[in-house]
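Please read the report below alongside the sequence and the coordinates.

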Amino acid sequence: MIEIWFALLCFTIIVFVVLDGWDIGAGALHLIVAKSQPERREVVAAIGPLWGWNEVWLLAGGGTFLMAFPAIMAAAFSGFYLALWMVLWSFVLRGISIEVGGHFSDRMWQTFWDFVFAMSNLLLAVLFGAALGNVIRGVPVDGSGRFSMALFTDFTARGHVGILDWYTLSVAVFATLLLVAHGATYLRLKTVGPVHERSQRLARRFWLITTVLFPLVSIETWVVRPTLYQSMAARPVAWLFAAVMVAGGWALWTGLAGPPARRPAEVKAFIGSCAVIVGLLGAAAAGVFPEFLHSTLSPEHSLTAYGGAASGRGLAVALVWWPVAAGLAAVYFVTVSRQFAGKVRSGV
Amino acid sequence: MSDPAFWHRLQFAFTITYHYLFPQLTMGLAWFLVYWKWRALRSGDERYSAAARFWARIFGLNFAVGVVTGIPMEFQFGTNWAGFSKYAGAVIGQTLAMEGMFAFLLESAFIGALVWGERHLSPRLHFLAALGVAIGSWLSGYFILVTNAFMQHPVGHAFAPDGTLVFSDVRAYLLNEWALIQFAHNQAAALVTGTFAVTAVGAFYTLRGVHLDQARVYLRHGAFAGVVAAVLVAFPTGHAQAKIVARYQGPALAAMEGRFESGGMADITLIGQPNVKERRLDNPIRIPGMLSFLAFGTFHSDVPGLDAFPQETWPTNIELLYYAFHVMAGLGTIFIAVMALAALQQLRGRLETTRALLWVLMLAFPFPFIANTAGWMTTELGRQPWLVYGLFKTDQGFSDVVSSGTVLFTIIGTAGLYFVLGLLYLYLVGRELLHGPDVSLAGPKGPALPAGSVSVGRVLSDAPSIHD
């Protein structure tokens, strides 16, 4: 039961990263990939009427986290207090810039909101990357099962660590590049014309950097948390995710190499991009399990899924309604996204 | 700064109060949109399409602010109330997760289609989008009220060996008596907010002599729905709410009424100031026996005062609780009178020419927001000193790893952001109101963006009405 809920929670978060990841990545590229006002409108139009739906998966994840692992949610959210508030403020700014930025066509008004949109998305990408780094490295959980962290301490990734150190910073940079590459791949699929050509170029460039950096970050991870790879090696599900990632990487590169504006190649690259993220995060989750929050102070203080899960009948009850809700959500998504399928065009 | 619980409470109170200004209008307007879309679908009457189109634009702005201010709410359970989350998360997490999975994923899927999809979707699908958003927003309200009802009157739980709560009875929890009554009361009150907004705009246009065709629809539907909603808030829902407070939260009812001494023939106080130090009401104006009748059904029923309860179970802020309750009840009564008068004049066909009443309707729209806020203050202050009534004190619930100064920092940061947000909202809604409804779905100016171009807002200059 606890394994299932760990998996469902990871599923929710991964869905969020894949879906909102293309919004965040495209948003972070906003000022680079689109130069004129009509082009920038295309980028926002490509993110489309479903950005809220994508974002809501994080809220669904938050609620699921609280329900299934209340003690860990409590320790994690209060421990990351200021970092989480930065995430929340960024979400507020991003949502507002999408909603009000195009409310009327005044150049300065739109330029201002385009800037807010790009910066809030960039900040979200960095913060989520740092969060991933923190989960893998671990946090200074003490004997009371709690922690509280400075933004940074001595950058050593050991003992009384801060949110940022050499390792989490490099994961943050890597994750940001990954999300940006994902966003560019999405824009390549959804646009035509100059935005399409630029996103094609940017997708290749950013995926190349990401691919080169991946082994480096993997080695860093081995230095910081060697047990991660031992757990992964021992769990076939981690091999499965690794295989998904490799297959995704293959689809991605063959899709990116395709001649410009060929729809199947664009779709292939985009699916590959999603698969890379699913594989990467899935394998990491399989390696981290059962430790939600690894303690950098002493291994026995680590907060594990078994120690922090809700007891009683709650998890069994939720296993009935949760998949129903997820199925309904998929139906709404298909219904609406079919109406908005295809490429965004301006001035046909 | 010595009491961290105070700062955590202040932050949650501020963020939830601000947030709820928006969902109450969302939930109130949602059924107007559904109704007008349905009428337009059935009759093809352009007036109803135009009404739905105009209000959908205000609805979209309102919804957006509701969404962005709602995100911090869920996270604050963990960031600021870690003690509570650890204690009760296994129970309240059920409904918070349900809200995300059932309600948010429903309404956020259809909101973009509703607000910007009229030209891309078939009329039937566009109607369904309105329906999806309405159901989603009300479901969300239900799950949150079940969560709150658990804090007011905990049922459906059991205890883990370490003393924390676990989930045990799904039916008892979801059909908590408190939740059902509170939902009915709260949703009726949200409808009041929606109806006052609709009639206020109708009155504004009528007084200005513009968009008269549309204003007529707003006044007629707003006044009729308004009188029904305003009455429902008081009877039976408000009455039932008072009775469950009397039954399960005796000290809260006594404090709401500023009743320090027990006894039969309990009065209802219309005006008066609680003097907690002297344990009496200063300069009260009362209706004898009314409280006994309302709470227990006969004029002679004994209603306990605060003296009947140990002082440590008294609400911690009796004065504010008393004022909040009286502001809510007083305004609720005035709403019934205003809307009854409006509906009566409408029936006589004279509402459009009764200028004094139109002025009242136009200027009345902020008051339901005040009444709803005061109502929630009554509920939440009445619950004190408990976080989960009778089980868990508020002082035990906050995140003790987060210091007071840190919370003050995030309060200030959030307040600044929300202030700007409020200005933007008022400015943009003001623009919409001054522009007014568009009777026909005009062709696009600017670039023609086919399907796929419709984003929530950025393509407004491409959308039906162009302001510039």
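## A covered helix in chain A

How many of the 11 residues of helix H3 (residues 37-47) of chain A are buried? In this predicted model, 10 of the 11 residues are buried, and the helix is thus described as mostly covered. The buried set includes charged residue types, namely Glu39(A), Arg40(A), Arg41(A) and Glu42(A), and it also takes in Gln37(A), Val43(A), Val44(A), Ala45(A), Ala46(A) and Ile47(A). Just after H3(A) comes Gly48(A), whose phi is positive, at about 80 degrees.

## Chain A as a whole

Chain A is built with 14 helices and two strands, and its C-alpha trace spans about 65 × 40 × 40 Å along the principal axes. Because a compact globule of 348 residues would have a radius of gyration near 20 Å, the value of 20 Å found for chain A agrees with that expectation. Of the 348 residues, 62% count as buried, and among contacts between residues at least 6 apart in sequence, 76% join residues at least 24 apart.

## Chain B as a whole

Chain B has 13 helices and six strands, and its C-alpha atoms fill a box of roughly 70 × 50 × 40 Å, taken along the principal axes. For 468 residues a compact globule would have a radius of gyration near 23 Å, and chain B, with 24 Å, agrees with this. Of its 468 residues, 60% count as buried, while residues 24 or more positions apart account for 76% of the contacts with a separation of 6 or more.

Chain B exposes about 17500 Å², and carbon and sulfur atoms supply 67% of that area.

## The nonpolar cores

The largest nonpolar core holds 241 residues, and the members that touch the most other members come from both chains: Phe69(A) and Trp321(A), together with Trp36(B), Trp55(B), Phe84(B) and Tyr218(B). Helix H3 (residues 82-116) of chain B gives this core its largest share, 20 residues. Another core, of 25 residues, lies apart from it, and among its members are Leu207(B), Val233(B), Val338(B) and Met339(B).

The surroundings of Phe69(A) can be followed in detail. When its neighbours within four places in sequence are left aside, Phe69(A) is in contact with Ile2(A), Trp5(A), Phe6(A), Leu9(A) and Thr64(A), and also with Phe292(A), Ala305(A), Gly308(A), Ala309(A) and Ala310(A).

## A buried glutamine in chain B

Is Gln241(B), at 11% relative accessibility, buried or exposed? Gln241(B) counts as buried, because its 11% falls under the 20% limit used for that class. This glutamine lies in helix H7 (residues 212-248) of chain B, and, leaving aside neighbours within four places in sequence, Gln241(B) is in contact with Trp178(B), Ile181(B), Gln182(B) and His185(B). Between the C-alpha atoms of Gln241(B) and Leu106(B), which are 135 residues apart along the chain, the separation is 29 Å.

Methods
Residues numbered from 1 in each chain as written. Chains lettered and ligands numbered in written order. Predicted model: local features only at pLDDT ≥ 70, side-chain atom pairs only at ≥ 80, totals over all residues. Heavy atoms only, no water. Helix = DSSP H or I, 4+ residues; strand = E, 2+ residues; numbered from the N terminus. Rg over C-alpha atoms; globule rule 2.2 N^0.38 Å. Buried < 20%, exposed > 50% of the residue type's maximum accessible area, 1.4 Å probe, protein only. Contact = heavy atoms within 4.5 Å. Core = buried A, V, L, I, M, F, W, Y, C linked by side-chain atoms within 4.5 Å. Areas by Shrake-Rupley, 256 points an atom, 1.4 Å probe, with all protein chains shown as cover.
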